Every structure is written in C-alpha cells, then in structure tokens.
Amino acid sequence: MNAIILAAGQGKRLHPLTLTKPKCMIELFGNSLLEKQLSVFRKCGINDITVITGYKSELINFPNINYIKNKNFEIKNMIESLFCAIDKFTESTIVSYGDIIFEEKVLKKLIDSNDDFSIIIDKKW
C-alpha cells in the first residue's frame, strides 16, 4: 500500500499565510499540516509516500519521501497533479490532499475497507 499526497497548489485563499510557503506547510499546534499527515500514514504502516509539489516546492523536504513536481501547477489543477504520479499507482493507493488533517482511526477505516474503491468524508463538516 502506498500514498500519494497532492500538495502543489498555491493556497491563494489563505493569503497572507501562503505568501511565503505552500498551504501544506502551514503550522497547526507546532507541526505543518503535511507533517501531521505523514505521521499518520507512517503510524498506519504506510511508508511508500509520494508528495506532488509545485508552489514553493523547495520548502517541502521530509526524509524518506518521494517527490514529483507538477511544473504546471500555476495553470493546471489537482487532476494534473494526480497525473504526474500515474506511475505510482498500485492496487492499493491512497490519495489525499496535502492540507487535510485526519486521525489514525480514519485512515485505518480506509485501509481496512474491502471495497474496490473507498472514499472517506466528514458528513458533519
């Protein structure tokens, strides 16, 4: 099982927070959003992680992570970022946005799913 994290966007709606860093690198309680997500993936045994970068990609640098840069992040959307990682898809790939926070129990539900395709949503959001 592997994970692909889409983190190429500029996060313009969060200006001025994202003027100097990607949205996934905004800190919450002492860690970046991406760092929290990486930690949850690793706690659940997923270590094959690819992050699709774009905007200010030089600021995203964690050990033992694969990186692919979406060079067209300014003019394309998340689907383009996903296509950048087409070679990373396996029979069990989890795709996430880089600015999403989720708990370990949520990821475990997804991992334990026996369905061909599964999506996690928060109905109360």
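1. A salt bridge is a side-chain nitrogen of Lys or Arg within 4 Å of a carboxyl oxygen of Asp or Glu. Side chains of opposite charge can pair when their charged atoms come close.

2. A word on the model. It is predicted, so local features need pLDDT of at least 70 and side-chain atom pairs count only at pLDDT 80 or more, while totals for chains, interfaces and linings use all residues. Residues are numbered from 1 along each chain as its sequence is written, and side-chain values use heavy atoms, with hydrogens and water left out.

3. How many salt bridges does the rule give? The count comes to 3. Each is taken in turn below, with how open its residues are. Buried means under 20% relative accessible area, exposed means over 50%, and partly exposed is in between (1.4 Å probe, protein chains only).

4. Lys105 is exposed, at 59% relative accessibility. Glu103 is partly exposed, at 47%.

5. Next come Lys108 and Glu104. Their side chains meet in a salt bridge of 3.3 Å, N to O. Both sit in helix 3, 4 residues apart, so about one helical turn separates them. Helices (H or I, at least four residues) and strands (E, at least two) are DSSP runs, numbered from the N terminus. Lys108 is partly exposed at 39%. Glu104 is partly exposed at 28%.

6. Which residue pairs with Asp99 in a salt bridge? The partner is Lys23, with the closest N and O atoms 2.9 Å apart. Asp99 lies in the loop between strand 6 (93-97) and helix 3 (104-112), and Lys23 in the loop between strand 1 (2-7) and strand 2 (27-28), so the pair ties together parts that are 76 residues apart in sequence. Asp99 is partly exposed at 27%. Lys23 is partly exposed at 22%.

7. Now look at Ser32. Is Ser32 buried or exposed? Ser32 is buried, with a relative accessible area of 3%. It belongs to strand 3 (residues 31-32). Leaving aside neighbours within four places in sequence, Ser32 is in contact (heavy atoms within 4.5 Å) with Cys24, Met25, Ile26, Glu27 and Phe62.

8. A polar atom of its side chain lies 2.9 Å from the backbone nitrogen of Glu35.

Technical notes
Polar contact = N/O pair within 3.5 Å; in protein donor to acceptor, adjacent residues only side chain to side chain.
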